[in-house]
Amino acid sequence: MKKIALLFVSIILFTSCASIFTGSKRSVLFESNPMGAKVYVNGFEKGVTPTQIKVKADDRIDFRLEDFQERVVIMDSKFNLVAILNGFSIIGWGVDALTGSLKRVDTKYVKVDLEKVKPVTIQNYLENGKITKVDINTNNKTIETTIVLN
């Protein structure tokens, strides 16, 4: 009887070990060059670089800064070894799987270099293009211009 009670108590105590001991999120430091980029986690704004944010495995991280090309990082992950403490507990494995604790973010620091985007204006196209045709329709009051861009 004592063995059964001890077994039952140990199963209850070690159910969902990864969820209890490590959780599904990890705090990661995000930086960008230049600083001041907005950081989005799965589409939701979470801060401005440099910032520390708790993220889950496989989260999509977007870095956005005006006049710079957007950068996207997918958080890498590895198997959470603490989950092994679940042993043969199907409940423990199930809870860890549902909470996302079977995977753990493998990175503690992310730094991205943002590239400046050259602004594209109509003036650039007009300077580099050639007007090949202009139709003026006085009845409809329209002007149709064809520009061939280089």
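## A look at the loops

Let's start in the loop between β2 and β3, which is where N42 sits. This is a predicted model, and in it N42 has a positive phi of about 50° despite not being a glycine. How exposed is N42? With a relative accessible area of 40%, N42 is partly exposed, because that value falls between the 20% limit for buried residues and the 50% limit for exposed ones.

Look in the loop between β10 (130-137) and β11 (142-148). K141 is not a glycine either, yet its phi is positive, at about 55°. The relative accessibility of K141 is 74%, so K141 counts as exposed, the cut-off being over 50%.

Which loop holds P34? P34 lies in the loop that links β1 and β2.

You will come across another cis peptide bond between T49 and P50, with omega about -5°. Here the proline belongs to the loop between β3 (44-48) and β4.

## The nonpolar core

Now for the inside of the chain. The largest nonpolar core has 14 residues. Which of them touch the most other members? They are F30, V55, I61, F63, V73, M75 and V110. Several elements each give two or more residues to this core: β1 (25-33), β2 (38-41), β4 (51-56), β5 (60-64) and β9 (109-113).

β1 and β2, which both supply the core with two or more residues, are the strands on either side of the loop with P34. Likewise, β4 is one of the contributors to the core, and the loop holding P50 runs between β3 and β4.

## The chain as a whole

Stepping back, how many helices and strands does the chain have? Its secondary structure comes to four helices and 11 strands. The chain has 150 residues, and 27% of them count as buried.

Contacts across the sequence are worth a glance too. Taking the contacts with a separation of 6 or more, 56% are between residues 24 or more positions apart. As for the surface, the accessible area of the chain comes to about 10900 Å². Carbon and sulfur atoms account for 60% of that area.

Definitions and conventions:
Residues numbered from 1 in each chain as written. Predicted model: local features only at pLDDT ≥ 70, side-chain atom pairs only at ≥ 80, totals over all residues. Heavy atoms only, no water. Buried < 20%, exposed > 50% of the residue type's maximum accessible area, 1.4 Å probe, protein only. Contact = heavy atoms within 4.5 Å. Areas by Shrake-Rupley, 256 points an atom, 1.4 Å probe, with all protein chains shown as cover. Core = buried A, V, L, I, M, F, W, Y, C linked by side-chain atoms within 4.5 Å.
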